[in-house]
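Here are my notes on this one, for whenever you have the model open. Have a look at it first, then read on.

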Amino acid sequence: MTSIATREVPATSKIVLITGGGRGIGAACARQAALRGYSICLSYREDAAAAQGLARELTATGVRAIAVQADVAVEADVLRLFETTDRKLGRLDALVNNAGIVAPSRRVDQFTFDRLVQMFHTNVIGSFLCAREAVLRMSTRHGGPGGVIVNLSSAAARLGSSGQYVDYAASKAAIDTMTMGLAREVAAEGIRVNAVRPGLIHTEIHASGGEPGRVERLQDQVPMKRGGTADEVANAVMWLLSDASSYTTGSVLDVTGGR
Ligand code: NDP
């Protein structure tokens with residue numbers, strides 16, 4: 001039995017890659033990972049200032065942190081991202097598959113081909129490519145010592161997002177299914193795979209979908225009557241990354257204020 005004295009959160013020397021780690025939920029995860037002692041690779045697509053600035057901020061706290069430009073929707077970028085992490089930080093212990101996009105609110109009968117390609121390339125194919133590279137490094141089948149993957153899904157996967165972005169919701173449902181299937185595929189190879197399903201969270205993603213006030217507009221529909229913070233999501237991600245969740249795999253954890 002664990003004694004009270006040994007139940008503090010232990011510092012770790014593990015290495016985590018957080019895609020889309022320069023802003024929003026990814027940045028909150030990076031800050032919390034730094035507090036726990038992780039070495040951190042943040043990837044970003046275009047906001048170099050945010051990601052490089054955060055890497056400097058984390059480095060100043062005494063942990064190792066790098067920021068790498070890489071579009072998760074481009075296979076060559078993903079390969080370069082993981083190779084850079086190997087070279088600069090060492091062998092990966094954990095992946096947070098966080099990078100994701102929404103798109104402006106439209107009905108399905110208004111979707112363009114290009115919108116659908118971008119949505120699924122980024123949210124689904126990008127997450128699969130990163131998961132593949134992580135498994136190749138972590139799985140005991142490939143000579144690795146195991147590891148952890150946490151995927152960012154969304155409550156949209158359950159709700160469908162009618163009239164807004166059914167494509168986004170469907171891309172996140174794919175993440176739920178990937179989580180379940182991959183978890184079982186690699187469970188005996190030392191890798192746990194789980195997902196967090198945030199609800200309405202205060203980040204810039206809503207502005208990128210054309211509605212900066214979306215959380216305020218919809219928060220009355222949340223049983224807790226408020227939006228969540230990126231830190232509240234990061235808390236769940238940190239638990240799933242940690243050994244405190246050592247018997248949890250294939251799970252999808254709602255962080256939605258009850259929505
Ligand atoms: P933000 O828009 O605040 O940040 C998104 C991050 O992802 C940025 O760092 C961005 O990079 C990066 N990114 C986007 N596209 C790519 C790409 N193609 N390649 C690499 N990086 C990319 O989003 P949130 O923090 O709000 O969302 C994070 C995750 O949580 C997403 O998967 C989202 O779907 C999910 N989520 C968010 C909810 C919310 O209410 N906020 C609710 C449910 C789920 P850059 O900085 O360079 O632009």
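The points below cover the ground rules, a helix, the salt bridges and a pocket.

1. Ground rules. This is a predicted model, so to speak of local features pLDDT must be at least 70, and side-chain atom pairs count only at pLDDT 80 or more, while totals for chains, interfaces and linings use all residues. Residues are numbered from 1 along each chain as its sequence is written, and side-chain values use heavy atoms, with hydrogens and water left out.

2. Helix 2. Helices here are DSSP runs (H or I, at least four residues) and strands are E runs of at least two, numbered from the N terminus. Helix 2 covers residues 48-60, and its 13 residues at 1.5 Å a residue should span 18 Å, which agrees with end C-alpha atoms 18 Å apart. The expected span is 1.5 Å times one less than the number of residues.

3. Its two sides. Ala51, Leu54, Ala55 and Leu58 are the buried residues of helix 2. Down the helix axis they fall within an arc of 100°, so they line one face; the arc is taken over directions from the axis to the C-beta atoms. Turned away from that buried side are the exposed residues Ala49, Arg56 and Ala60. Buried means under 20% relative accessible area, exposed over 50%, and partly exposed in between (1.4 Å probe, protein chains only).

4. Salt bridges. The whole structure has 18 of them, each a side-chain nitrogen of Lys or Arg within 4 Å of a carboxyl oxygen of Asp or Glu. In one, Asp77 and Arg80 meet at 3.4 Å, N to O. They sit three residues apart in helix 3 (residues 75-88), about one helical turn. Asp77 is buried at 16%, whereas Arg80 is partly exposed at 35%.

5. Glu133 pairs with Arg132, with closest N and O atoms 3.0 Å apart. Glu133 is buried at 6% relative accessibility, and Arg132 is partly exposed at 34%. Shared partners join Glu75, Asp86, Arg132, Glu133 and Arg137 into one salt-bridge network.

6. The largest pocket. It holds about 970 Å³ of space and is lined by 43 residues, with Asn98, Gly100, Ile101, Thr203 and Ile205 nearest its centre. Among the elements giving two or more residues to the lining are helix 1 (24-35), strand 2 (39-44) and helix 6 (166-186). On a 1 Å grid over the protein atoms alone, a pocket is an open set of points where a 1.4 Å probe fits, with protein on both sides within 12 Å along at least five of seven lines; lining residues have an atom within 4 Å of a point.

Definitions and conventions:
Grid points are joined across faces, edges and corners, and a volume is the space filled by probe spheres set on the points.
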